[in-house]
Structures are given as C-alpha cells and as structure tokens.
Amino acid sequence: MTKPILFNLTDAELTQFLGDMGQPKFRAKQIREWLMRGAPDAASMKNIPETLRRDLDSVAQMLPVKIIKKLQSADGETTKFLLELNDGETIECVLMRTTYGNSVCVSSQAGCAMGCRFCASTLLGLKRNLTANEIFAQILIAQWELRGDKFSDKPIRPNGDANNNDVSHIVIMGTGEPLQNTENVIDFIERANRDMGIGWRRITVSTCGIVPGIERLIEWGRPINLAISLHAPTDELRSQIMPINNKYKLSQVLDAAWRFTDTHNRQLMIEYILLGRRNENGDTELYNATPEYAEKLSELLAGKNCMVNLIPWNAVDERDFASPSGNAVHRFQDILIKNGIHTRIRRERGTDIGSACGQLRLNNAK
Ligand code: SF4
C-alpha cells in the first residue's frame, strides 16, 4: 500500500490524519513547519515526541520526491540532485550558491516533448507533467540542504544575501518545458511567493517559445522574469535545432516576449547555447556561433531591453555537437557588445559533477 504524502495534504487533512493517530491539533502546525523546511523524514522533526516520529515514518511519506543521488561540486557552490517521484519517474534539480543569493533550478516535467537537438532532457521523450507540489518540493529539498534541521528564530524569508541560508531565487529551467505545464507552474510560483516569501523578480520562467503560454503569463500579470531559449537568430537555423520553431516562428515568439517584458518593464533574458560541430578531420567548425550569426542576432535584438546569456555547449554524449573554443565564444560576445547588446558568458557551474542538464537523469535510466 502506498503511504500518504503529508506535504500533499491540506491543513485540515493533516490535522485529521494526526488526530486519527491520537495527536493534538497543534501537532499539524509543527509538522507543517518542518515540511516547509524540507524535512525528509519524521526522524528529523526534533520537537515532536520520539514515538510519533517513529510511527509517522512507518505510515507516511513526508515529501512527494526523494533524493536518489546528490553530487556536490568541489568548490562547494553547486549541488545537483537526482530526485525520484512517487511513480518512479526521475527529475533533476540544482542548487547554486551565488554572490547574489541561493538559486534553485527546478524541473517542471519528467522528460520533455520539445526535441531540441542539443538537449539530453528530451532523449527519452515526455513522461508526464509535474504537479505544483512536486515542483515546490524541489525548492524544499534545496532549503533542507542549505539549513537542514537548524531552526532559527527567523522564519524562512530570503533576503538575497549569499550568507543567508535560504533559497532566494528560482529558475524554472530544469527538465521540461514549463509552458507546456503552465497552470501547475503558475500555482507553484504563487505559493513560492506566498509561503516562502520569494519575490516575483527573483523568479524566472524559461521557455523554448510557446506563444500561448507567454500570453497566459501576460494575462496572469505577475512581474516575474521571462527567459527565451533562442539559440539561433534565423528561422532556418532555429528550425534545424528546435522543432518548436516550425510551430511558432522567431518573430511570433519575440513579439509575445516583448509584450510580456513591456507590460512589466522587465529585461528579457535571451539564452543562446554556442554550438560547434566536428568535421571529418575531427576539427570543430562553428555551427550557430559564427561571427555572421552574431551580427544577425544583434540585428534581431537591436534597441531592445534584453540580456543575452551565452552558454558554451556542455557535452552530451548522445548529441552530435562540439563545444566551440574559448576564442570563438569571446569573438561572438565581442560582436554583440560592439553592436550595443547586453551580454554575458554564463559561467559554467559544477562541471565536475555531471555536466549538461538532463544527463544525470539519462545516465540513471540506462
Ligand atoms: S532545451 Fe528545454 S525545451 Fe528543449 S528539449 Fe531540452 S528541456 Fe525541452
């Protein structure tokens, strides 16, 4: 028999569940506080009676995800988790300790149907959407990693200070396309803001360009950040590496994205993976990272309020691309800067702990 998941219960249901175990009403509040800190089991809940901790662990599960692998980068800045959902599906989430706070990259789907040619997360297809609780549980896993059972008088209220042991930023950029699971993602963001105090402007949704999903975000009206996975400045090139471009063309995607950012006076994030290809001689030729494409990208974004994140490709064994040289990456960036486009090279984090997004999950399935 599957155990009930306490995090999934409403307050009334949790009170009822504990009442059936002979517990007073205040116990539900105590346990909810532990769940909101990401306690992985009842044994960690120090202020409840020992017998109850034992009983609870035998009859219930705390969170709707559990850690099956945890990798820590040598510099201590990045922790990558492979998590198992209750039906055995797996997802990844990543905690990054940065100079501006503690950021968590969460998954919104188990697998992905979008088929981007450079990505490991889509190789096994889409398994299913995550519930809002399953997305939320990923930030609780990170929160427990940061603070564990160390209670402080201060409630969990992120302040963006790197020394603060709380999650302060969320990026929905892990496995899956968030705007194929829009309502659960919106539900999750509302709760992260309300229950964890994470400000709208510290939450970023990244999409490969689902236009109706961007329109839904405009209608929803919260001033979060939007990131577009662009990866190519022409429809011809983009359609070769991102099948979604056959449905929503670049101009449609950017038009919807500018409408979103104009509504909230926000800067649009543009994600651009720099790809190379090996030729017959084994040399790397530039693919979407040539100076010509840098010029085309500049034309596309001229005069717009945006920041281009250049991401040198992180090798995926199953994919037929190569990383461009450092020189090629800097040349691409220099052209954007010369043309007045804000840009930065995304610092590679945790390269010693398992590589590209989706690779950990893929290796686990082999
Ligand atoms: S890059 Fe994002 S949208 Fe594209 S296949 Fe990977 S997870 Fe899906």
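Where in the chain's secondary structure is I67 found?

Author: Quick note first: this is a predicted model, where local features need pLDDT of at least 70 and side-chain atom pairs need 80 or more, while totals for chains, interfaces and linings use all residues. Residues are counted from 1 along each chain as its sequence is written.

Now, I67 is in strand β1, which covers residues 65-72. (Strands here are DSSP runs of E, at least two residues; helices are runs of H or I, at least four; both are numbered from the N terminus.) I67 is partly exposed because 15 other C-beta atoms sit within 10 Å; buried would take 20 or more and exposed 12 or fewer, with C-beta atoms placed from the backbone. Skipping residues up to four places away in sequence, I67 touches F81, L83 and I141, where a contact means C-beta atoms, placed from the backbone, within 7 Å. Take E92 as well: 25 residues from I67 along the chain, with 9.7 Å between their C-alpha atoms.

Let's zoom out. The chain is assigned domain 1 (6-59) and domain 2 (65-365), with bounds from an automatic or database assignment. Their centres, taken over C-alpha atoms, are 34 Å apart, and 9 residues of domain 1 are in contact with 10 of domain 2.

Next, the largest nonpolar core: 91 residues, with C93, V104, I139 and I270 making the most contacts inside it. (Such a core is a set of buried Ala, Val, Leu, Ile, Met, Phe, Trp, Tyr and Cys residues joined through C-beta atoms within 7 Å.) Helix α4, residues 132-147, gives the most to this core, 8 residues. As for I139, leaving out neighbours within four places in sequence, its contacts are V104, V106, V167, I170, A192 and M196.

Last stop, helix α1, residues 11-20. Its buried residues are L14, T15 and L18. They lie on the same side of α1 because they cover an arc of only 100° around the axis, going by the directions from the helix axis to the C-beta atoms. A12, Q16 and D20 are exposed on the other side. What do the buried residues of α1 pack against? Their partner is α2 (26-36). And just after α1, G22 takes a positive phi of about 80°.

How values were computed
Two residues are in contact if their C-beta atoms, placed from the backbone, lie within 7 Å.
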